[in-house]
Amino acid sequence: MLKLQTPVNDAVCRTGISYNDRILMIGSCFSENIGTMLKNYGFDVCVNPFGTLYNPASVAQSIQRLITRDKYTADDCVEIGAGDSRICSFHHHTSFARPSVGEFLENANARLEEAGNFFKDCNKVIITLGTSWCFRHSDRNMIVSNCLKRNPKEFRREFLPSSETASLLKGIMNSCPDKEFIFTVSPIRHLKDGAHGNQLSKASLLLGIDETGAEYFPAYEIMMDELRDYRFYADDMCHPSQLAANYIGERFLEWALPESERGRLNENIRAWRHGCHITKQ
């Protein structure tokens, strides 16, 4: 029979996940996709407690915040740009924006406390990195998680080399010796720098992760090789379609979940689909 794909052969999963685990998922919007799927299927998961994060530095800063649980203050608050007067912070995605400083701080700190408690007791951390590019706010001298639509002149753009990515990821792992880590690279293409620039960015992430010696799930490789047809992309030709995201999610579960828990998984999937059917009626 003709081969019409280049199959990605996953390395044997050493860490894996279980229904007995508490799992933090943090990183790009691909973390949201897989994290939502795991929640739907009955896993104990906390997903992106600061919103979507893209670069290794922002992920490292956010995990450090979960460890210290230092509350956000008025000094962290920033008004969103482009005519949007809502308040957010450079540590958060714009989904956290609120109409006032008080409302933002109340929500951000409540979420931090909740996620910090979860993180303290969790035993698995799954990190999805999106890009090696980041933005540093010049006046605050900090790498931001989101530019919040503010004036581009406030920031300078930086590329994190693989050595710095490796250092940041090793720092995360060393600060959490009681937790096991799984890394992956988002299959979303960042094409603002062109196709070559996107490949350089992803390559730097891959090299950095590889230097840690930690567990790696090849989401990016599955998208690039097994699902390379454009029918597996959304309309923007950068994000995976829902079909592709579902396929990669299924591949992750096949790779990470032990055979002994597949029966429970199938039961939970049936129950979730039944609940969705009832809701739609």
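Visitor: Which side chain does the side chain of Glu154 meet in a polar contact?

Guide: This is a predicted model, in which local features need pLDDT of at least 70, side-chain atom pairs count only at pLDDT 80 or more, and totals for chains, interfaces and linings use all residues. Residues are numbered from 1 along each chain as its sequence is written, and side-chain values use heavy atoms, with hydrogens and water left out. A polar contact is a pair of N or O atoms within 3.5 Å; within protein, one must be able to donate a hydrogen and the other to accept it, and residues adjacent in sequence count only if both atoms are side-chain atoms. At 3.0 Å, the partner of Glu154 is His137.

Visitor: Where does Glu154 lie?

Guide: Helices (H or I, at least four residues) and strands (E, at least two) are DSSP runs, numbered from the N terminus. Contact means heavy atoms within 4.5 Å, and Glu154 touches Phe90, Arg136, His137 and Ser138, not counting residues up to four places away in sequence. Its place is in the loop between strand S7 and strand S8 (155-159).

Visitor: Why do the buried residues of helix H1 line one face?

Guide: Buried means under 20% relative accessible area, with a 1.4 Å probe and protein chains only. In H1 (residues 29-40), the buried residues are Phe30, Ser31, Ile34, Gly35, Met37 and Leu38. Taking directions from the helix axis to the C-beta atoms, they line one face because they fall within an arc of 155 degrees.

Visitor: Which residue just after H1 takes a positive phi?

Guide: Among the elements that cover the buried residues of H1 are strand S2 (44-47) and helix H7 (242-256). Just after H1, a positive phi of about 95 degrees is taken by Gly42.

Visitor: At the start of helix H2, which backbone nitrogen does a side-chain oxygen of Asn55 reach?

Guide: H2 covers residues 56-68 and has 13 residues. Its buried residues include Pro56, Ala57 and Leu66, and their cover in the helix includes helix H3 (101-121) and helix H4 (162-175). The side-chain oxygen of Asn55 comes to within 2.9 Å of the backbone nitrogen of Ala57.

Visitor: Which residue just after H2 has a positive phi?

Guide: H2 ends at residue 68. Just after this helix, the residue with a positive phi of about 55 degrees is Arg69.

Methods:
Expected span 1.5 Å × (residues − 1). Buried < 20%, exposed > 50% of the residue type's maximum accessible area, 1.4 Å probe, protein only.
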